[in-house]
Amino acid sequence: MKQHNRLECTILPIALMAVLLGNPDLCRCQTAGHVEVAPQTEALSESLRDLQARTQELKSILGAMRAEAAQSREEIRNLHNEVQQTREELASMKGQITKLTSQQTSTAESGPYPIPKGPLSRPDATDQRLAKLEEDQQLLGAKVDEQYQTKVESESKYRVKLSGIALLNVFGNRGSVDSIDLPSFAVRRGPLDTGGSFGATVRQTMLGLEVIGPTLGGARTSAEIHADFFGGFPATGDGVTTGLARLRTVTARMDWPHTSIVAGQDALFFSPQSPTSFASLALPAFSYSGNLWKWTPQLRIEHSLKFTDVSSLMVQAGILDPLAGEYPSDSFQRSPGAGERARQPAYATRFSWNHGTNEHAVTLGAGAYYSRQDWGFGRTLDAWAGTADWNLPLSSRLYLTGEFYRGRALGGLGGGSGRSILTSGSLTDPGTSVLGLNSTGGWSQLKFEMTEKLELNGAFGEDDPSAADLRRFSIRQGANYVLQTRNQTAFLNFVYRPFSNWIFSTEYRRLWTSETDHDKSRADQVNVGVGVLF
């Protein structure tokens, strides 16, 4: 306030002097005496009025300046209080972190494995950690913004993730196989066979989409679809290089904390494992050699019973399309197969015990499968399977995984070398006998993680149809009716991941296939794969 009064005292004399200097007639009237009194008085009055107006204007300006200064002082006072409060909070947080760090350090030093003192034990370690956390938070925020900007947009506006692998396989075979790029059987040598083959393919490339939906009834909803280009070849020149798109799996999920409902076409949940092989992606490795694998329409429910933080029991149960392994009778219309003619779904369940976390968890599972099949003219039979699977970490770098099954009429699941039944003649003949083919199979793999980027996998699998069943029928149906008595596969591969999305694989595979009236056929394949994950 005193500053404003001094400012008025200074400005008013200056303004008065300016008025006097700007009116010379007023100066003359003051020196001339009383000769021109009336004009001088009138001029003086006008000058005073002008001076009063200017003084009033200056007072208004000073009032506005005074109000702005008061507002500025209030804002500065508030900012000062906020800064002081922030400093106190930071000092309190630093004190708590320093105290907690000191307690943890003293506890660790007093335990059986003392922590060596180093740069983290200095007083400024907390500041460094806080700075590092702040940098990480900023980086994470930038990554989140980047992901949001580059997301795949959908009509529903829910988040969509694109995934898959672009895969090139270069292969060389010795001997004759059923399919040169992805062999499942060694076969007899044909008249035009040269004893081997060489080629390359990209039709094991896979595409996937995942949709993250809303939360419904406390459940997180999502859906996935996966496809590849292993659906056959068009009838054109060099059609082997233009593989047709093929649907693999489509699933929709509702996931609660301990329970899930899954609907769609998916892998067999009671046979969940598969060997590691980038030479065999279009079909899971050891298909028809002990690995039950078919992608089947199904509806299932899963529930986890948690005993401790690292131990739980998973219970799964569901119904499936009762596939019997038959070829479609038409390329466009679907006719009922033996499973569909039974007019009931297939049923399956699995129990698995899990102990541990992440990739070092021990998993032991057991499952069961049942379906009814009707082959016409009252010829019905029960298809069934009992399964077991395991995942055992033998050390921090060594893992043993595998599966085993025993069952009957499992051609629709890849068992029995793809065959469900044996017949004594044509199925259109009411007198033909039908026998469900019993089979036993399984596989096991040993994985050794040599480094973080390089792993070695060795595996062996076998599918063994019942010899007693095979001996009961000697009449075959059709020229392509081949009875494999045993099918075995073994491989050894190296998988190298120089970056998170690049994969280089080299695999050697050996196949042995026996038939009822032929010696065992053998074949070998060397496969080199180069893939990019996305």
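Q: How many bridges join strand 15 to strand 16?
A: There are 11, and the two strands run antiparallel. Bear in mind that this is a predicted model.

Q: Where does strand 16 sit in the numbering?
A: Strand 16 covers residues 454-465, and strand 15 covers residues 438-449.

Q: What joins strand 15 to strand 16?
A: A hairpin, through 4 residues.

Q: Which residue is the bridge partner of Gly 441 in strand 16?
A: That is Asp 463.

Q: And strand 12, what does it pair with?
A: Strand 12, residues 398-408, pairs with strand 15 over 11 bridges. The sense is antiparallel. As one example, Leu 400 has Leu 446 in strand 15 as its bridge partner.

Q: Switching to strand 19. How many bridges join strand 18 to it?
A: Strand 18, residues 502-515, is joined to strand 19 by 13 bridges. Those two strands run antiparallel.

Q: How many residues lie between strand 18 and strand 19?
A: The hairpin they form has 2 residues between the strands.

Q: What is the bridge partner of Ile 503 in strand 19?
A: Gly 531 is the partner of Ile 503 there.

Q: What about strand 1 and strand 19, parallel or antiparallel?
A: Antiparallel, with 10 bridges between strand 1 (residues 159-174) and strand 19 (residues 518-533).

Q: Which residue in strand 19 stands opposite Asn 173?
A: Gln 525 does.

Terms used. Residues numbered from 1 in each chain as written. Predicted model: local features only at pLDDT ≥ 70, side-chain atom pairs only at ≥ 80, totals over all residues. Heavy atoms only, no water. Pairing = 2+ DSSP bridges.
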